[in-house]
Amino acid sequence: MNSIDTRKIRLVMHLRAMGISSTDVLAAMEKVPRDAFVPDAMADQAYEDIALPIGRGQTISQPLVVATMTQALELTDRDKVLEIGTGSGYQTCVLAHLCRRVYSIERHKPLLLQAEKMFDMLGLRNITAIAGDGMKGWPQQAPFDKIICTAAAQGEPPPALIEQLKPGGIMVIPVATNEHQVLRRYKKEGDDTYAMKDLLPVRFVPLLPNLASASENEGDNYNHATG
Ligand code: SAH
């Protein structure tokens, strides 16, 4: 069996072959141990380029999608970033290596608590995460240099997110129309104008309003590898 390091390097080479050219993004993905974010029983698949379940009916995104979204944000170490959909916290940790601070919102409290354990375990101190409805953004911390949403918006992005983006800022978000979802990059040019570019077809879980109730998907939790 290959060691985790070998699998990780193979994944990074695969991402590069698939068009991820930012060495900063590749290095950040090499630093974050994806195997620690997935259920124990799936740790041996953690460095394959596939999405995996993380409980509560949610998934940790496919590495190529994480890399594509991160690269599209063009992060710098001065950026203040808003993330909607903390999930396992994996994408959050990749961002945290590349920007000044990440503000992350998750509507499933048990997932948020588990993700916060990971931030502590990895010693990442530039992350602030809360349980809440990310469709409303985070007005107290706005505006943001960059916004990333890892759940699919129906039709178009929530207006609050566009509002909370700085002029010149970039937002990356999957948008669903009919049966199709596409990963879309918005660049805010003025208060009311933005440029739009479609990056690739994707399949994300839906962006849902409000905090999840305790019973929502409760029978579907997994044990994580963090202990
Ligand atoms: N980036 C995550 C993937 C999470 S899947 C990772 O790396 O693991 C998408 C997440 O978005 C789910 O956890 C889901 O609960 C969350 N979500 C959906 N709608 C939301 C909303 N309105 N506010 C906050 N989180 C939301």
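A: The ligand is surrounded by 26 residues, and the closest are Ser88, Glu106, Asp133, Gly134 and Leu208; a residue counts as near if one of its heavy atoms lies within 4 Å of the molecule. This is a predicted model, in which local features need pLDDT of at least 70 and side-chain atom pairs count only at pLDDT 80 or more, while totals for chains, interfaces and linings use all residues. Residues are numbered from 1 along each chain as its sequence is written, and side-chain values use heavy atoms, with hydrogens and water left out.

The shell around the ligand comprises eleven nonpolar, twelve polar and three charged residues. Here Ala, Val, Leu, Ile, Met, Phe, Trp, Tyr, Cys and Pro count as nonpolar, Asp, Glu, Lys and Arg as charged, and the others, Gly among them, as polar. Strand S2 (58-60), helix H4 (90-96) and strand S4 (101-106) each supply at least two residues of this shell, and S2 gives the largest share, three residues. Helices (H or I, at least four residues) and strands (E, at least two) are DSSP runs, numbered from the N terminus.

Polar contacts, which are pairs of N or O atoms within 3.5 Å, can be described individually. The side chain of serine 88 has an N or O atom 2.6 Å from an oxygen atom of the ligand. A nitrogen atom of the ligand lies 3.0 Å from an N or O atom in the side chain of aspartate 133, and a polar backbone atom of arginine 107 is 3.3 Å from a nitrogen atom of the ligand. Of the 580 Å² of accessible area that the ligand has on its own, the protein covers 99%, by the Shrake-Rupley method with a 1.4 Å probe.

Definitions and conventions. A polar contact is a pair of N or O atoms within 3.5 Å; within protein, one must be able to donate a hydrogen and the other to accept it, and residues adjacent in sequence count only if both atoms are side-chain atoms.
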